[in-house]
Amino acid sequence: MTQQAAVISAARGLDANARVLGTLKMVLNAVMLDIDAAALPALAANPQVVSVNLIHDYELDLSETVPYIGATELHDLGVDGTGVVVAVIDSGVDYYHIAFGGSGDPADFANDDPTIIEPGTFPTDKIIGGYDFVGSNWPNTDEEPDPDPLDDGAGGGHGTHVADIIGGELGVAPGVKMYALKVCSSVSTSCSGLAMMQAIEFAVDPNGDGNTSDHVDVLNMSIGSQYGDPRYDDTSAAVNNASAIGVLSVVSSGNGGDKPYVHGTPSAATTALAVAQTEVPSSTLDVLEVVEPEEIAGIYQAVFQPWSVPLSTTGPIQAPLQYGDTDGDNLNGCAPFSGDLTGMIVLVDRGACNFTLKISHISQAGGEAGIIGLIAPGDPFTGADGGDRPIDIPGFMISQAHSTMLKNAVAAGDVVVSLDPANSIALVGHVVGSSSRGPATGTNEAGPDIGAPGASVSALAGTGTGTEVFGGTSGAAPMVTGSAALLMQAYPDRSWAEIRAALVGTAETDIMVAPAAFGGELAPISRIGGGEVRVNRAYASPVAAWDRNTLESTLSFGFHEVTGQLDMIKRVTIRNYSNAAITLRSEVEYRFDNDTSGEVRVTAPTLVTVPANGSVVVPVRMFIRPRLARPLHEWWLNSGSAGASGNALTELEYDGYIHFNGVGNSAGTSIHVPWHVLPRGAGLPQTGFVSSTNTGWVRNNGMAAMYVDTYSLLGTSPEQPKPPQNVGANAAPADLRYFGVQTYPVPAGYCGAEDSFVMAFAINTWDRQSHVNVIEYDVYLDTNSDGAPDYVVFNFDASLSTSLSDGRNVTWVVDLATGASDAWFFTGHNTNSGNTVLTFCADQIGMDASDLLATSMNVDVYAFDWYYRAGAIDAIEGMNVVPLGERYLTLFQGGDVGYTTLPARSTRTAFGIIDFGDQLNETETGVLWLYGPGAPNEVRTWELQP
């Protein structure tokens, strides 16, 4: 490029020894130089140079991560994956790159037509075959398959990184052969589901002759979708079917963060080896120190943004903290700052523009450093490089909680903060904050299964020889794929399930989610599975263990509503690969102290002898025995306010490891099997009712407290036939059952300036949803009865984007005339429930207290498949609602109106259903009761009229 050539020429004019390290022209317009620092000021003044930035993070490459997981130790023994074939299902591979034995000439890549195979270019010795199932232009066009799987275009590069980590020259298993199966296009990060399934089909039968004896050994998919339900996902089914043929699928768990159920598909498939991301050994955490005021003084987590200037270059920075511009405007930093920020560290909110643009604006206004504060729960992370420049200062990201704390402090007075590289904290042995968490939607299987470092410097497509940092679980999965390939070479007679079990059962379990300075908590099983991969331990272990029935390496006991006591059993196969019998002593580990009170107990035989070259099956029993004085953890996990709370899930689930340690002559042998269960103490409601008097009683015979939330019943829908017609939508279809309403008058100041009301719509479905982010309910309101809807009330992620980046589900109201939307209430939904409540204020639909008992609106409710927008799955139509026009109201003993709580093992509580007589809601037929937070039957209706 002319501009780059001019910069290179200028650099060499300033320093005759300047050396070009590489150039980028797709992800960045950049020249990378080794140049005398004294020449930098003059080079920066060159009009062709936008900014001069330090190149860093070179230590986070395969020469660090490969030895860390134990792969180099196997290489030294001659185990490098030779004879193993891997399918890389991704965006293709740049087979011209030197990492795969290519020419290393960027011109060869640039001159390649990605729709055809130029003679002599493909396949190669390393990339032995493949196919492009999607084309370069999807989704702007239909899929345009062609025989050339080149990883081309501005949206490409992902698959090249993945392939290099697996089996490139410096990869985990450099001896493997690979197929490049392109399913992600060159203009989009999205990957075609059709293409993915076609690629899996190719992987099990590469020559397409119908005989699967030539199937690959491992397939890597560093792709997936959040909150995916493997029961209704075709790709997950394809993964399971490929395993039945003999293929191990290694799949990234995703980058959704520490949020319940964000773990996606196809990584949630039962036979997949799902991979979480851990930190590379040299990774450190920069911290933000609050110096003043004294009330909040201390250190707080701050994630450095690698596209900005590191503190190692600037040195320590201490300065007053400013929120937004000096006039209190531009709080998100998306516009240039009008004030002089010299001598200040500036905090801005996330959102509305690139991370890089925010820090660039702070930099150009004279700020010493920039801090991006999250505006939703979750851990801070490394933001994407949007290419905005110049950036001449350090940039960081902090959590929503810490950002709010600082903003409040700034509003109250002066705040001084410090950024000092000497305070950084080592992160080796930690889960990366963005790594997705289980359990799996729908099945409640623990997932992910294992972790691996995911920030290796690996091959950069189109550069011939260039590399760059490639992170996320996309970079972690190929570390495990390469590890599996090493074991498959060493032990060719072992099945994919045995390979998976060996990796999971020997992983490093001492993995944290937070440094000691910030709590030092261990990673739960639903975050890290068996631990961080150690392939050298897996290679050396003479034993492996797995679930006999499912072949899983983790004992997932699932979700259960417990009203009394529950006993379960799983049978574990332990295989001995040595020529001598091995005796193992079992020890059950509970991951967290709050799980050891005895209400959940796991047992295994104390001593197990496994014969030479043989196996035994041992029972692992789980006893869930809550008592009134020893209850299960009190349930507070929901899809709304706690929808993104990893802490809530950690507190409620029970998990740990069963360790099998060798004794006597078997001393030194050690494996573990992760276990996980999510029990909810549930109410067991019993009722009696006298229809002639509309009175009755209710009691709770369960071992946990429960509530009864009542509504007027407006509509019903029959259960749909099973299986559902839209299998493959990646989410369980929501089969509507009941719809109800309740109105609550509120005084001025609660919703708006005038007296108003709050309205709540209750929706019950025949099936339960693990997290309500997986489905969308739309309630259309025709508020002027002209036959056309005026507003729609619906539940969705607080981000209002299909990326579901927030994790908390809220009730949105959209004015259909203007398109304006707002959300004032969280969606009411306990996880693993079929009950959902949508709450909103009258002001949001253009009403107030004057509409009580006066205004009728037509109401239709639909359940939508939001993921593919295939239209309504189910509907209840033709209802009408008058605010406060409910004919029926439940009044409980003691004065509770419409809602009451019942303690565990309660006595009878009397109730009466008041009939106001007026049939303002024309379709109202009785009362709808919702039980929660858990009950075997979550709903009860009282039909009081036809």
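Predicted model: local features only at pLDDT ≥ 70, side-chain atom pairs only at ≥ 80, totals over all residues.
Trainee: Is D547 buried or exposed?

Mentor: Residues are numbered from 1 along each chain as its sequence is written, and side-chain values use heavy atoms, with hydrogens and water left out. Buried means under 20% relative accessible area, exposed over 50%, and partly exposed in between (1.4 Å probe, protein chains only). Since D547 has 2% relative accessibility, D547 counts as buried.

Trainee: Which side chain meets that of D547 in a salt bridge?

Mentor: A salt bridge needs a side-chain nitrogen of Lys or Arg within 4 Å of a carboxyl oxygen of Asp or Glu. Here the N to O distance is 3.6 Å, and the partner of D547 is K570.

Trainee: What is the relative accessible area of K570?

Mentor: K570 is buried too, and its value is 17%.

Trainee: How many residues apart are D349 and K407?

Mentor: Their side chains meet in a salt bridge at 2.9 Å, N to O. D349 lies in strand 14 (residues 345-349) and K407 in helix 11 (residues 400-412); helices (H or I, at least four residues) and strands (E, at least two) are DSSP runs, numbered from the N terminus. The pair links distant parts of the chain, and the separation is 58 residues.

Trainee: How many salt bridges does a search of the whole structure find?

Mentor: D258, R437, R527 and E653 are linked in a network of them. For the whole structure, the search gives 16.
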